[in-house]
Amino acid sequence: MKHIKARALQLFIVTACLLSGCASNEIYRSDYRPCDVTPGNACEQNSQHTYNKGTDDEYTLGFVEIDDQGQMRDRKQMQALLDTLYQKAAQESILLTVFVHGWHHNARPGDSNIESFKENLARISKIESQRATDLGRPPRKIAGVYIGWRGESIDVPPFNYLTFWDRKSTAQDVGYLGITELLIKLEEIANVRNSMTPPIKSRLVVIGHSFGGAVVFSATSQILASRFIDSRENKGFTDTAKGFGDLVVLLNPAFEALRYSPFYDLAQARCSYFPEQVPRLAILTSEADDATGILFPMGRVFSTVFETHHDIERNECKHLLSLDEGEADRYTVGHYLPLISHTLTPVTDEKNLQLANYKNMKHIWSTQTPGNTTQYGSTVLTHLNKTNPRNPYLNIRVDESIIADHNDVFNEKVMEFIRLLIGLSTDD
């Protein structure tokens with residue numbers, strides 16, 4: 001019965017596709033040479049761009065495109081970008097930020113996610129330039145990588161909303177296959193100069209939105225678990241918990257809370273963290289995200305109907321957890337309340353809070369207590385006392401005034417918080 005329903009859905013999608021037209025399945029960036037973007041040249045066919053050259057908000061942006069089966073559309077496109085980044089990382093320290101888009105998006109020139117990512121890279125570059133001046137050190141060069149995949153198989157409304165479950169399956173393939181190789185190689189690039197004792201270390205941040213969050217989690221989850229445990233040969237001491245790169249950020253991610261629960265358990269089993277421990281995984285989900293809060297669990301009702309689930313009780317380090325496997329398998333990680341560790345709310349006038357900035361964030365983070373509340377820009381991060389202070393895994397429920405819906409993830413309120421979080425996790 002389960003297979004019959006799946007086949008019926010596939011047949012319906014194919015029929016709709018034939019009637020309305022499928023989304024493009026071709027490569028968008030077919031010229032792999034670097035290109036300087038100017039008012040008269042948008043470099044739309046190029047897969048490597050340089051913006052604002054010679055200014056304090058200069059940055060580079062590269063594209064890598066992946067097909068529905070998780071394979072590189074052209075490995076030459078990936079290799080051209082890696083060659084450029086290897087050369088850059090060998091000469092100067094870099095701050096490398098990767099973005100994986102979600103539902104309804106792709107690598108097409110003019111895509112709104114691309115434009116928003118570019119704006120954020122420019123802001124990061126300006127902040128890095130200012131920090132370098134304040135600290136009397138060279139600035140890290142800012143580089144971005146936009147990973148494009150076919151975020152919808154039908155691009156004509158309203159049929160494109162039928163692609164939710166189809167794209168969920170594709171996101172898992174993308175995450176389990178080619179993107180893992182790419183991310184590991186990007187991490188290797190970030191580490192190139194660090195072996196030379198540079199004045200400031202190179203860093204890597206990976207961000208995924210919606211199904212892109214599912215892609216990133218699929219690609220990095222086993223690496224995260226391994227590095228959290230870190231059982232190196234002859235290791236006779238306990239260290240801070242490591243992550244993939246320096247920070248992984250998932251925005252309104254579309255995957256089941258049950259997939260995250262082993263990581264929650266893993267982090268909870270460690271009863272304390274060193275003051276120098278910084279965040280390694282941050283999940284931010286809007287309470288008003290109907291795509292992951294309503295549509296996703298509706299689909300999971302049918303796909304989990306024949307599965308068996310149990311209730312689980314945990315009491316690690318005096319933190320009680322009651323886990324309903326059925327609910328955790330239907331709801332997304334950001335909408336299953338037992339696994340939420342923090343809230344992010346707007347600042348209100350009546351609150352007198354510690355204000356985190358790029359100079360004092362590490363001190364504020366290192367001295368936090370259970371139930372701690374701290375102001376980050378125009379937002380307030382509150383620890384719910386369900387996890388240990390300084391736990392490197394943050395599952396944050398975000399007020400709708402900060403992220404209004406599923407796609408509202410590049411607004412300045414949340415981007416300001418994420419940039420501060422990046423500063424906390426990547427500052428030397």
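**Exercise 1. Determine whether Ser-286 is buried or exposed, and which polar contacts its side chain makes.**

Solution. Ser-286 has a relative accessible area of 0% and is therefore buried, where buried means under 20% relative accessible area, exposed over 50% and partly exposed in between, with a 1.4 Å probe and protein chains only. The model is a predicted one, in which local features need pLDDT of at least 70 and side-chain atom pairs count only at pLDDT 80 or more, while totals for chains, interfaces and linings use all residues. Residues are numbered from 1 along each chain as its sequence is written, and side-chain values use heavy atoms, with hydrogens and water left out.

Finally, list the contacts (heavy atoms within 4.5 Å): leaving aside residues up to four places away in sequence, Ser-286 touches Asn-252, His-335, Val-398, Glu-400, Ile-403, Ala-404 and Asp-405.

**Exercise 2. Find how many disulfides the structure holds, and describe the link of Cys-35 and Cys-43.**

Solution. A disulfide is a covalent bond between the sulfur atoms of two cysteines, assigned here to a pair of cysteine sulfur atoms within 2.5 Å, and the structure holds 2 of them. In one, Cys-35 is joined to Cys-43 with an S to S distance of 2.0 Å, and the angle of -65° about the S-S bond makes this link left-handed. Both ends are assigned by accessibility: Cys-35 counts as buried at 11%, and Cys-43 is buried at 3%.

**Exercise 3. Work out which parts of the chain are tied together by Cys-271 and Cys-317.**

Solution. The sulfur atoms of Cys-271 and Cys-317 are 1.7 Å apart, and this link is left-handed, with -80° about the S-S bond. Because Cys-271 lies in the loop between α7 (257-268) and β8, and Cys-317 in the loop between β9 (311-316) and β10 (319-324), the pair ties together parts that are 46 residues apart in sequence. Cys-317 is buried, with a relative accessible area of 19%.

Technical notes: Helices (H or I, at least four residues) and strands (E, at least two) are DSSP runs, numbered from the N terminus.
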